[in-house]
Amino acid sequence: MLVVEDDSAIAHLLMQYLSREGFEVDVAVDGEQGVERAGDIRPDVIILDLMLPGIDGIEVCRRVRAFSNAYILILTARGEEVDRVIGLSVGADDYVVKPFSPRELSARVQALLRRPRQDHAVEEPVRRFGSLVIDPAAREVTLAGEFVDLTRTEFDLLETLSARPRAVFERRRLLEHVWGSEWYGDDHVIDVHIANLRRKLGDDPSASRYVRTVRGIGYRMGDGT
């Protein structure tokens, strides 16, 4: 695990607590070092502060996503909602708002790690929704023959919806499928990831072809028309 945090007190607290929880923890103190360490040690999880000296956490997330599929959990201040949304849009999987308890953060990390990994995919038939093709085994998505670059979370959401295309999923149910039943936090994180997914699929929310909103309930898969 990699912690990218310039506040030495927070970094030390996280390192001590997570080490006691059984994690091997490395620390980077700024954005450039965070990108470098992520490339060197290839962590399963990166805990990333958004407010960093040099390059900020959003740019770190963008650069790391070019070579790593690690789970990224961002740390944000309570008033940084815009930055939080941007962080999720460039590839972060979840966020924790400061101030937070180490116990809460550890629980969120454990929830991420319980999610199925890419190399454990079960062989399943390719799914087609108009010009959208989803290959669950390869974890690949194409649209009109062009590869769509999705984050791990975006793919997991699309895979969950497409597995039962006629089912309507409440936000909490999607969280349980993608993050695990013991995850807790703001369930509207789903809306941010859905918005990013729609943008990458060119899916107009007012006339969705692929990911449709069921008002007052949640989301379901569209048929591509």
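The legends below describe close-up views of a predicted model.

View 1. Five strands form an open sheet in the order S2-S1-S3-S4-S5, and their pairing is parallel. The edges are strand S2 (26-28) and strand S5 (94-98), each of which pairs on one side only. Neighbouring strands of this sheet are turned against each other by 20 degrees on average, with direction ignored.

**View 2. Pairing of S4 with S5, and the helix that packs on the sheet.** Strand S4 (residues 71-77) pairs with S5 in the parallel sense over five bridges, and threonine 76 has valine 97 in S5 as its bridge partner. Helix H5 (residues 102-113) packs on the sheet, where it touches strand S3 (45-49) as well as S4 and S5, and the direction of H5 makes about 155 degrees with that of S4.

**View 3. The crossing of helices H6 and H8.** Two packed helices are described by the angle between their axes and by the distance between those axes. The axes of helix H6 (residues 152-163) and helix H8 (residues 189-201) come within 10 Å and cross at roughly 90 degrees; because angles of 65 to 115 degrees count as roughly perpendicular, H6 is described as roughly perpendicular to H8.

**View 4. Residues at the contact of H6 with H8.** From H6, Thr153, Glu154, Leu157, Leu158 and Leu161 meet Ile190, His193, Ile194, Asn196, Leu197 and Lys200 of H8. By residue class, this contact of H6 with H8 divides into six nonpolar, three polar and two charged residues.

Terms used:
Residues are numbered from 1 along each chain as its sequence is written. This is a predicted model: local features need pLDDT of at least 70, side-chain atom pairs count only at pLDDT 80 or more; totals for chains, interfaces and linings use all residues. Side-chain values use heavy atoms; hydrogens and water are left out. Axes are lines fitted to C-alpha atoms, for helices over the stretch in contact, and angles run from 0 to 180 degrees between N-to-C directions. Helices (H or I, at least four residues) and strands (E, at least two) are DSSP runs, numbered from the N terminus. Angles under 35 degrees count as roughly parallel, over 145 as roughly antiparallel, 65 to 115 as roughly perpendicular and the rest as oblique. Contact means heavy atoms within 4.5 Å. Ala, Val, Leu, Ile, Met, Phe, Trp, Tyr, Cys and Pro count as nonpolar, Asp, Glu, Lys and Arg as charged, and the others, Gly among them, as polar. Two strands pair if DSSP finds at least two bridges between them.
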